[in-house]
Each structure stands twice: as C-alpha cells, then as structure tokens.
Amino acid sequence: MIAATDWPKFDPALIKSDTMTIGVQVNGKLRGTLDVATDIPEDALKADALALDGVVRALEGREPKRVIVVPRRIVNIVA
C-alpha cells in the first residue's frame, strides 16, 4: 500500500551545482551573462566579462573606469 511506504531520503549532493550564471552590466544596463565555474578566480571573471560582445560594443573602445565584482552574483562595469 502506498501509505505504508517510506519517504524519499534527501541527498544534498544532488542540488549542488558546479556552474553558475553571472550577469554583466555596463553603467547599470545588462549587456550579457556568463556561465562560469563556481570557483572561478575574480581576475578571470573580470577578463571574461570584458571580452563579452555586448560589453565591447558598450565600451566603444574606452577603458573601463572601474570593474566591480559581487561574488556569485554580478559584474558591474563603470565606463
């Protein structure tokens, strides 16, 4: 009988992810997203964000004034 069966066991390993999606903004406007590993270094994340097509178009050849990385959430570029 189904009422007599045990509940399924919780396995925390099944909900753990090795990748995450990070939003990339230029001057407060979303220009793209990155799918990266959860343990990516901050310098590599900055380099990947600056290489996105939408970011390159938004910067129009200028150097960014500041790159702000909020770990596991967003990369914000101030031009």
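E60 lies in the loop between α2 and β3. Helices and strands here are DSSP runs, numbered from the N terminus, with at least four residues for helices (H or I) and at least two for strands (E). E60 is not a glycine, yet its phi is positive, at about 50°. The residue counts as exposed because its relative accessibility is 63%; exposed means over 50% relative accessible area, buried under 20%, and partly exposed in between, with a 1.4 Å probe and protein chains only.

The model is predicted: local features need pLDDT of at least 70, side-chain atom pairs count only at pLDDT 80 or more, and totals for chains, interfaces and linings use all residues. Residues are numbered from 1 along each chain as its sequence is written, and side-chain values use heavy atoms, with hydrogens and water left out.

The strands come next. Four of them make an open sheet in the order β2-β1-β4-β3, and the pairing is mixed. The edge strands, each pairing on one side only, are β2 (29-37) and β3. On average, neighbouring strands of the sheet are turned by 20° against each other, direction ignored. For such angles, axes are lines fitted to C-alpha atoms, for helices over the stretch in contact; angles between N-to-C directions run from 0 to 180 degrees.

Two strands pair if DSSP finds at least two bridges between them. Strands β1 and β2 run antiparallel and are joined by eight bridges. Within this pairing, T21 stands opposite D35 in β2, and V26 has K29 in β2 as its bridge partner. The two strands form a hairpin with two residues between them, and N27 in the turn has a positive phi of about 55°.

On to the next pair: β1 and β4 run parallel and are joined by four bridges. Here G23 stands opposite I74 in β4. Strand β3 (residues 66-70) then pairs with β4 in the antiparallel sense over five bridges, with R66 opposite V78 in β4. The hairpin of β3 and β4 has three residues between the strands. R72 is in the loop between β3 and β4, and its phi is near 65°, a positive value in a residue other than glycine. R72 is exposed, because its relative accessible area is 56%.

Side chains of opposite charge can pair when their charged atoms come close. A salt bridge is a side-chain nitrogen of Lys or Arg within 4 Å of a carboxyl oxygen of Asp or Glu. By this rule the count comes to one salt bridge, in which the side chains of K46 and E42 meet at 3.8 Å, N to O. K46 and E42 are four residues apart in helix α1 (residues 42-50), so about one helical turn separates them. K46 counts as partly exposed because its relative accessibility is 25%, and E42 counts as partly exposed because its value is 44%.

The last stop is the segment before β1. D6 is found in this segment and counts as exposed because its relative accessibility is 71%. The C-alpha atoms of D6 and P41 are separated by 43 Å, with the two residues 35 apart along the chain. L14 lies in the segment before β1 (19-26), and it counts as exposed because its relative accessibility is 70%. With F10 and I15, L14 forms a nonpolar patch on the surface, with about 420 Å² of accessible area together. Patches are made of residues with over 30% relative accessible area and no salt bridge, with like charges joined within 9 Å and nonpolar side chains (Val, Leu, Ile, Met, Phe, Trp, Tyr) within 5 Å. Accessible areas come from the Shrake-Rupley method with a 1.4 Å probe; for residues, only the protein chains shown count as cover.
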